[in-house]
There are 2 protein chains.
Amino acid sequence: MKKFLNEAETAIADTLVGLAAAHPALRVDLARKIITRAGGPRKGKVGLVSGGGSGHEPLHGGFVGTGMLDAACPGEVFTSPVPDQILAAATAVSGGAGVVHIVKNYTGDVMNFQMAAELAGDADIQVETVLVNDDVAVKDSTWTAGRRGTGATVFVEKMAGALAERGARLAEVAELGRKVNAASRSFAVALTACTTPAAGKPGFVLPDDEMEVGVGIHGEPGRSREKLGTAKQIAGAALEAILSDHPLAPADSTIVMVNGMGGTPLMELYILFGEVAAILNGKGIRIARNLVGNYITSLDMAGASITVCKADPQMLELWDAPVDTPALRWGV
Amino acid sequence: MKKFLNEAETAIADTLVGLAAAHPALRVDLARKIITRAGGPRKGKVGLVSGGGSGHEPLHGGFVGTGMLDAACPGEVFTSPVPDQILAAATAVSGGAGVVHIVKNYTGDVMNFQMAAELAGDADIQVETVLVNDDVAVKDSTWTAGRRGTGATVFVEKMAGALAERGARLAEVAELGRKVNAASRSFAVALTACTTPAAGKPGFVLPDDEMEVGVGIHGEPGRSREKLGTAKQIAGAALEAILSDHPLAPADSTIVMVNGMGGTPLMELYILFGEVAAILNGKGIRIARNLVGNYITSLDMAGASITVCKADPQMLELWDAPVDTPALRWGV
C-alpha cells in the first residue's frame, strides 16, 4: 500500500485535523467526528445532516457550508457513522425547525440513521429522511437492499441545502430532496480497485485489459466485467443504462456530473464528459449545468461515474443558488 | 495502460472537446488548440497567456477566466506548445496593453514562448515574460536548466490575473508575477510513476516500499529514492527543503498549497495538509490562505507537492480578489 498516511488506524482522525486546518469556516469536532459550520445553527432553519463511511471525499465534509449541508458525520473508511454520532450532529445543527437526514442507501447507513432519527425524536428534534438510491447498475448488492446511493447525493445535498437556506419548512426540504433523487440516475465504471488503509491491498484485482462495469463506490461488483472500452463506448454504455431506466425526451434539461473516483485524472474525465455531451446533444437533450471532477470518490480507485438529473426550473434555480463549501463554491 | 481514452493520438483534442462542452464561458479553438475567455479581449487590459505540455490539468486551461488567465495553449502531453500556437493565443487576447507570458521553466517551453514573444513583437504586441522556477528539489534536471516551474504557477496566474483584471499596466503585472514567483517554493514526492497515453506504460518503476523524493511534474527524478515515510515525515522533509532555501520568520504570512498529482485521493492530501499546518504553526508561521486539491497534476501519478508562498498584504488581497474559472472560483 502506497499512501500518504501516518497510521492506518488514525487516517480519519488525521484527515479531520487537516480539514479543520484548511477550512476555518468549518467547525470540526475531532472527538465526536462531526463537521459543522463554524457559525452554529440558525434559529428557524431546517438543519441538513449527511454522512456515511469515509473514503468518498469530498463527500460529505467537503459539502458543509452555506447553501448546502449543516453537518457531516464521517464513519471509518467504508463504515457507517454510529447513531450517537449522527444524533450529536443533528443536535448540534438543530435550529428548532427540524433536521433532514440525507442517507445513501447502504444497509449500515440506513439502520444507523434510522436509530439516530428515533433518538432525535425522543429529544424533540423532528427528523425527515431522504434516502438516495440512484445507481441503476444493480438492484441489490453486497452492501445494499435495493439500489445503491451514489452521485445523486451531491445533487440532493446541493439543492435541498439551497432550499433550506431560504427558510423552507422541514417537509418542503425533504420533499425537494426526494424529488431530486427520483429525477437522478447514476452508473459507474472502474479501471482499478481501491485499497483501504486497513486492508493495505486492493479489494479485488482487475486484469490489465478489463474494467468493472456498474461498480459501486466501495469497489463492490457491478453488472459485468468486460474488456476495456473506449471513452465513447463507456459513456454510451453508462448512458444506455441510465436512460433505459429513466427515459428523457428531446428538450429535457439535465444536470450532468462526470465524477472521478479518486485515482482518475481530470483529462480523462473531460474526455468522458465530451462523449456524454455528444450523445445527449445527439438526442436533443440539454445539459443545462454540469460538474466534472472528483465529488464522490472511492479512495484511490481509477474509475468514473456519470450522474444525470432531469432538472425542472425549480431545480436549476436551486442549483444556481449561492454555495460556499470546500468542494462546491459559487455565487459568493 | 488503463485510461478513459478513445485513442492515445486524440487525447488532447478529445479533452478540449470535453472542456468546451463543460464550460460555455470558455472559447476553445480546437483547430489551433487555444483556450480563451468567450468574451474576447478587453480593450486596454493586459492579456495573460500561459501554457505548456498537457497532462497537468486543470493547469492551464482550467485557470482561464475572469480574474486569472486570458488564454491557455496546451501542447501535447508533456510537450511544449509551438510558437505559432502561443502567438495566436497572444493575438487573440491582446487588448492593446501588452501580453504577459507566464512560463514554467522547462527548456522547450522557454524556447517556444521566447520565439512567440519575438513574433508578437514583430506584430506590435508587447510581451513581458514571467518565468516560474519554484521547485527547490533540483538545480538542473533532465527537462530544465535551472529550477523547474511547478506549483507556484498557480499562485502567479491567480495574483497576476487579479492585478491585470483591475487595469494595471504591463510592467506592473509582470513585476507582480515575478514577485510572487520569488516568494514561492515547492517540493514534491511521488509514490507511483505516471503513464502517458503515448507510452502506455509507467515512466519508471518504484518498488512497493519506496518513494521518489523531489520528483518533477513529468515524473523526472528528484533528489533521492527513499523508503516510504509517514505523512508527517514527508511533510517535514518537504518543508525542510523549502524553508532551508527560503527561510520564513515567526509571524510571516503564507499561502500554502497541498496539491495532488492526479492519482492521490483528497483524504491523503488533507492528512498531509494537517501535518504541514502543524509544522508551520509550530514555528509561528501563519497559513493565511490555502488550497488542498488537484491543481497541477502529472496525469495519474500518485504523489503530492507542497508550495509555500510568503505573502505580503498586496498578495493576500490579490489572492482574495474574485476569480471565475473552471478550477478556481470565488467572489463571484
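Author: Two residues are in contact when they have heavy atoms within 4.5 Å of each other. By that rule, 59 residues of chain A touch 59 residues of chain B. This is a predicted model, where local features need pLDDT of at least 70, side-chain atom pairs count only at pLDDT 80 or more, and totals for chains, interfaces and linings use all residues. Residues are numbered from 1 along each chain, chains are lettered from A, and side-chain values use heavy atoms, with hydrogens and water left out.

Reader: How do you know how much area chain A and chain B bury between them?

Author: Buried area is the accessible area (1.4 Å probe) that two parts lose on being put together, summed over both. Here that comes to about 4,500 Å², with 64% of it on carbon and sulfur atoms. On the chain A side, A:Lys2, A:Phe4 and A:Met267 lose the most area to chain B, together 23% of what that side buries.

Reader: What makes B:Glu268 and A:Lys3 a salt bridge?

Author: The rule asks for a side-chain nitrogen of Lys or Arg within 4 Å of a carboxyl oxygen of Asp or Glu. The closest N and O atoms of B:Glu268 and A:Lys3 are 3.9 Å apart, so the pair qualifies.

Reader: Why is A:Cys73 called buried?

Author: Buried means under 20% relative accessible area, exposed over 50%, and partly exposed in between (1.4 Å probe, protein chains only). A:Cys73 has 1%, so it counts as buried. B:Cys73 is also buried, at 1%.

Reader: How many disulfides are there over all chains?

Author: A disulfide needs a pair of cysteine sulfur atoms within 2.5 Å. A search of the whole structure finds zero.
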